[in-house]
Amino acid sequence: MGNEKITAWDRVEIARNPKRKTALDYIENIFDEFIELHGDRNFRDDKAIVCGLGRIGDKNFTIIAEQKGRTTKENIERNFGMPNPESYRKAIRFMKQAEKFKRPVITFIDTKGAYPGIGAEERGQGEAIAKSMFEMAKLKVPIIAIVIGEGSSGGALAIGVANKVIMLENAIYSILSPEGYSSILWKDSSRYKEAAEKMKLTAKDLYDLKVIDKIIKEPKEDNEENFKKIASNLKKEISSTIIEINKLNTEDIVQNRYDKFRNIGEFIKL
Amino acid sequence: MIVDKIKKRETTAKNKKANIDIPIGKWIKCDNCKEIIYKETVRNNLNICPNCGHYFRMHIGKRLELIIDEGTYERFDLNIETTNPLELEDYPKKLKSLREKTGLEEAVSCGIGNINGEKVVICIMDSGFLMGSMGIVVGEKITYSIEQAVKQKLPLIIFSVSGGARMQEGIISLMQMAKTTAALTKLDEAGLLYISVLTDPTYGGVTASFASLGDIILAEPKAMIGFAGQRVIEQTIGESLPEGFQTAEFLLEHGFIDKIVERRDLKDTLYRLIRFHKGGESNGQ
């Protein structure tokens, strides 16, 4: 990897930068056509997850994306990208539709976590996340997950059970925030930088741990031209990955995803 | 995070030997009514306070005694250890001392046993081992148990008690949520019964994976169950939480569990539910 001097904490700050490109920015640049569709058909339309149909060339996709706001107003509307249970139930609705119409699913992960609120608990946040992973685990179409910013905790993994997990070089993916980690493990929330180093939350660490399968490099300069480059590389990666997964029959697509997660976490036999 | 809160509640429980379900010493104070009670009386009362009915936590040995027919439990031969994926220096030492102190191998025990003669795969978590948190070993044991249930065509019962995913194993702990959940899809496709029993407390990554995916979900009275910890929610919303929030009764009211079952009725309830799912000629087709 380039950028050797960048620390894990630097990457946390890059991933969290409010100016960092969001899911909709990538969607607009990667897909030739996109139609957003709303609602979980049960309670309401939670805007922390965006769902819809996307097309690259003549290939159709179902898109499920965690969306942070790009302005304060939008952030309030989108609950700062922290999904309520309805978001995951909306995601499940579109996963099932993807299966019905035989479209691959592309998910974009970018969240501080599932929203911790009274209503979220009343409406079964835990159940919603569990069900979303359950549906993904058995879905009969290819799934690609892309971690574009912050992938924090169960709220991220809820849409991360994919055949292939791609990660941007400066994105992070972790069990929770470094601040939370240091306060729980060391009873000292000020040691967050040290926690970031220990947690193995960078793309490189996660690739070595086999939690992710592919890193998309990010040029050093954060500008529009480089963003287009990243988006274009992602587009190529999505297209080639789908061709690769589609070589498998339906049963093997499910089994391939199962095996990937079944084998995470090496242990020692006594 | 919930772990802090649980730890606070845990300070009364300084277990020094295996299979001790309530604090040692001859007397204990009930967390709920504050009454000082003779320990033996509580032990002989299914770890329930004779004064106010408060449920003390139950460790694996006592839980097995309560649920599984005597002499029928066979633990799976799966002796494994974590690889310490975050390479934390003091973590292996901590595990070792916990194993010695508690006599437990890890935060879950899994095997096959009978409930009134009905054979089941059973997993029992234990709050005495790093607050029942799920790391590689717990994830692997639960997954292995689910696979054994599929292989041997047996019903699966999991007693959950957990603070969530295990911090010390970082992202790998998080991934155990996906692993256990994926295994449950195979049990589901095989048409086998899974009963999830939630006990106090069940939180975080365990609530957000296998604990919430039972065909039938039972809970012990007043058990605290949720995704986010109460302190985190209070800090996020900046107000205090309503009375009874995240209790088993609250979850029942909101439609997330099937039934609250008293400890003394658990074995019989499980037996009756298993009998309803034996299929074949017993189904009224």
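Tutor: Two residues are in contact here if their C-beta atoms, placed from the backbone, lie within 7 Å. Keep in mind that the model is predicted.

In chain B, consider the contacts with a separation of 6 or more: residues 24 or more positions apart account for 68% of them. Buried residues make up 51% of the 285 residues in this chain. Its secondary structure comes to 10 helices and 10 strands.

Now the contact itself. On the chain A side there are 44 residues, and they touch 48 residues of chain B. Several elements of chain A give two or more residues to its side, among them α5 (118–122), α6 (125–138), α8 (178–185), α12 (250–262) and β9 (267–269). The most comes from α6(A), with 9 residues. By type, the chain A side divides into 26 nonpolar, 9 polar and 9 charged residues.

Strand pairing also links the chains. β9(A) runs antiparallel to β4 (residues 80–82) of chain B, and 3 bridges join them. Within this pairing, A:Ile268 has B:Glu81 as its bridge partner.

Go back to α6(A) and look at its neighbour within chain A. Helix α4 (residues 85–100) packs against α6(A) at about 20 degrees, with the axes 8 Å apart. Angles under 35 degrees count as roughly parallel. The angle therefore makes α4(A) roughly parallel to α6(A). Their crossing is left-handed. From α4(A), the contact includes A:Tyr88, A:Ile92 and A:Met95; from α6(A), it includes A:Ala128, A:Ile129 and A:Met136.

A:Phe80 is in the loop between α3 (72–77) and α4 of chain A. Its phi is near 55 degrees, a positive value in a residue other than glycine. A:Phe80 counts as partly exposed because it has 16 C-beta neighbours inside 10 Å.

α8(A), another contributor to the chain A side, is mostly covered: 6 of its 8 residues are buried. Those are A:Pro178, A:Gly180, A:Tyr181, A:Ser182, A:Ser183 and A:Ile184. Just after this helix, A:Lys187 takes a positive phi of about 55 degrees.

Now cross to chain B. There, 7 strands form an open sheet in the order β3-β5-β6-β7-β8-β9-β10, with mixed pairing. β3 (74–75) and β10 (259–260) of chain B stand at the edges; each has a single partner strand, so one side of each is left without a neighbour in the sheet. β3(B) pairs with β5 (residues 108–115) in the antiparallel sense over 2 bridges. In that pairing, B:Glu74 stands opposite B:Ile112. Helix α5 (residues 136–151) of chain B packs on the sheet and touches β5, β6 (118–125) and β7 (156–162). The direction of α5(B) makes about 25 degrees with that of β5(B).

B:Leu130 lies in the loop between β6 and α5 of chain B. Its phi is positive, about 45 degrees, although B:Leu130 is not a glycine. B:Leu130 is buried, with 23 other C-beta atoms within 10 Å. In strand β8 (residues 194–202) of chain B sits B:Pro201. A cis peptide bond joins B:Pro201 to B:Asp200, with omega about -10 degrees.

Conventions:
Residues numbered from 1 in each chain as written. Chains lettered and ligands numbered in written order. Predicted model: local features only at pLDDT ≥ 70, side-chain atom pairs only at ≥ 80, totals over all residues. Pairing = 2+ DSSP bridges. Helix = DSSP H or I, 4+ residues; strand = E, 2+ residues; numbered from the N terminus. Axes fitted to C-alpha atoms, helices over the stretch in contact; angles between N-to-C directions. Nonpolar A, V, L, I, M, F, W, Y, C, P; charged D, E, K, R; others polar. Parallel < 35°, antiparallel > 145°, perpendicular 65-115°, else oblique. Left-handed = near helix turned anticlockwise from the far one by under 90°. Buried ≥ 20, exposed ≤ 12 C-beta atoms within 10 Å, placed from the backbone.
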